Amino acid sequence: MANVTVIGAQWGDEGKGKIVDWLASRADAVVRFQGGHNAGHTLVVGEQVYKLSLLPSGIVTGTLSIIGNGVVLDPWALKAEIEKLTAQGVEINADNFAIADNCPLILPLHRDLDGLRETAAGAGKIGTTGRGIGPAYEDKVGRRAIRVCDLAHLDALDAQLDRLCAHHDALRAGFGQPPVDRAALLAELKDIAPYVLQFAQPVWKRLNAVRKAGARILFEGAQGVLLDVDHGTYPFVTSSNTVSGTAASGSGLGPASTGFVLGIVKAYTTRVGSGPFPTELADDVGQRLGERGHEFGTVTGRKRRCGWFDAVLTRQSCAISGVTGIALTKLDVLDGFDKVKICIGYRLNGKVLDYFPSHAADQANVEPIYEEMDGWQDTTAGARSWADLPAQAIKYIQRVQELIETPVALVSTSPEREDTILVRDPFVD
């Protein structure tokens with residue numbers, strides 16, 4: 001049996017939560033390997049709706065769920081999310097949940113800096129969630145982060161606090177803010193430390209044991225490839241690598257462990273926040289896509305920008321992340337359109353491109369080249385087999401996989417777990 005790595009192949013918000021939940025019910029461990037509580041997954045299980053932003057989706061089914069070292073962890077957000085899920089009847093304990101002890105922490109000063117920068121940026125805003133993700137990753141790379149394991153040694157934290165505060169006090173002064181209150185920060189850390197430490201351990205060791213036992217591991221990515229700090233629409237990206245290769249470094253397992261790479265792809269395109277979006281529709285069609293798709297961020301509630309499916313971007317994402325097969329979601333949102341369009345290339349300065357350029361100015365100026373297809377009037381919502389789909393919807397799916405040069409592994413036709421058409425089982429080699 002294979003392990004599976006799930007990533008978003010667009011700008012995030014592709015419906016990964018439902019797919020990960022569906023796969024998690026058949027996995028032995030689920031691992032978050034990057035990002036923070038800026039990610040959002042909505043799970044619909046029967047009558048219950050679970051909204052997750054940090055915890056791996058497997059926790060709802062009682063599957064061993066692990067936050068890997070590639071994640072930046074807000075311990076207070078973690079506690080709040082666990083308490084919320086516990087109130088919904090989800091059992092979370094040290095047997096089914098673990099946090100990497102070398103995981104960096106998001107601190108209140110990171111949230112402060114995130115907000116100050118975005119406010120001061122004006123027209124240059126990146127559109128962050130304001131939750132301190134970027135500043136926390138900066139401190140990790142700058143070798144001044146406080147990590148989960150430090151919570152067990154708070155009395156010996158002076159040297160790290162010196163490095164951390166020397167950096168942040170200078171930045172805060174530039175924004176006219178007072179220095180970091182070290183005593184208050186230390187008091188907050190001492191208060192939250194016992195709660196976090198009950199779950200802390202060297203998760204690479206636990207995962208290695210799981211792998212040696214032949215169990216199935218599901219690696220759960222956050223955001224999407226187009227928000228990758230290297231390969232995305234820089235600088236309008238997140239602060240971590242969102243591609244599948246990060247599952248190895250962000251969990252402590254080697255690259256051979258990532259297995260089947262499943263890219264989650266919407267039947268159209270959306271993005272939240274600022275940045276280029278070639279197929280964006282600022283018209284009635286875009287409004288219709290947003291309303292039918294309920295396009296609001298799980299974490300922020302922000303309205304998502306909507307547009308036609310971009311095969312160029314998705315093909316690029318699949319190539320960069322080594323996607324084995326895609327899960328096509330929200331096909332039902334396209335029900336009832338007389339015509340549907342797919343972007344098959346770009347025009348830029350008189351040239352035709354079959355890729356998305358790296359420079360921000362070029363990204364903003366590309367013009368989409370569309371291929372138009374007949375739509376379908378019958379519903380695809382709730383379909384569980386090809387026979388349930390209108391013929392034209394099947395043609396659309398087939399054209400998508402041709403253009404992105406990646407086969408469809410499954411099709412999701414509603415938020416319900418069972419409304420899924422399985423073409424190829426990711427867990428089977």
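Here's a quick look at helix H7 and at Arg315 in helix H10. Keep in mind that the model is predicted. H7 has a buried side and a face turned away from it with exposed lysines, while Arg315 is a buried residue with a polar atom 3.0 Å from a backbone oxygen.

**Helix H7**

- H7 spans residues 203-212, and its buried residues include Val203, Leu207 and Val210.
- Those three sit on the same side of H7, because the arc they cover around the axis is only 55 degrees.
- After H7 comes Gly214, with a positive phi near 80 degrees.

**Arg315 in helix H10**

- Arg315 belongs to H10, which runs over residues 311-321.
- Its relative accessibility is 17%, so Arg315 falls under the 20% cut-off and counts as buried.
- Leaving aside residues up to four places away in sequence, Arg315 touches Asp354, Leu403, Ile404 and Glu405.
- With Asp354, the backbone oxygen is the atom to look at: a polar atom of the Arg315 side chain lies 3.0 Å from it.
- For a sense of scale, Arg315 and Leu54 are 261 residues apart along the chain, and their C-alpha atoms are separated by 28 Å.

Notes. Residues are numbered from 1 along each chain as its sequence is written. This is a predicted model: local features need pLDDT of at least 70, side-chain atom pairs count only at pLDDT 80 or more; totals for chains, interfaces and linings use all residues. Side-chain values use heavy atoms; hydrogens and water are left out. Buried means under 20% relative accessible area, exposed over 50%, partly exposed in between (1.4 Å probe, protein chains only). Helices (H or I, at least four residues) and strands (E, at least two) are DSSP runs, numbered from the N terminus. The arc is that of the directions from the helix axis to the C-beta atoms. Contact means heavy atoms within 4.5 Å. A polar contact is a pair of N or O atoms within 3.5 Å; within protein, one must be able to donate a hydrogen and the other to accept it, and residues adjacent in sequence count only if both atoms are side-chain atoms.
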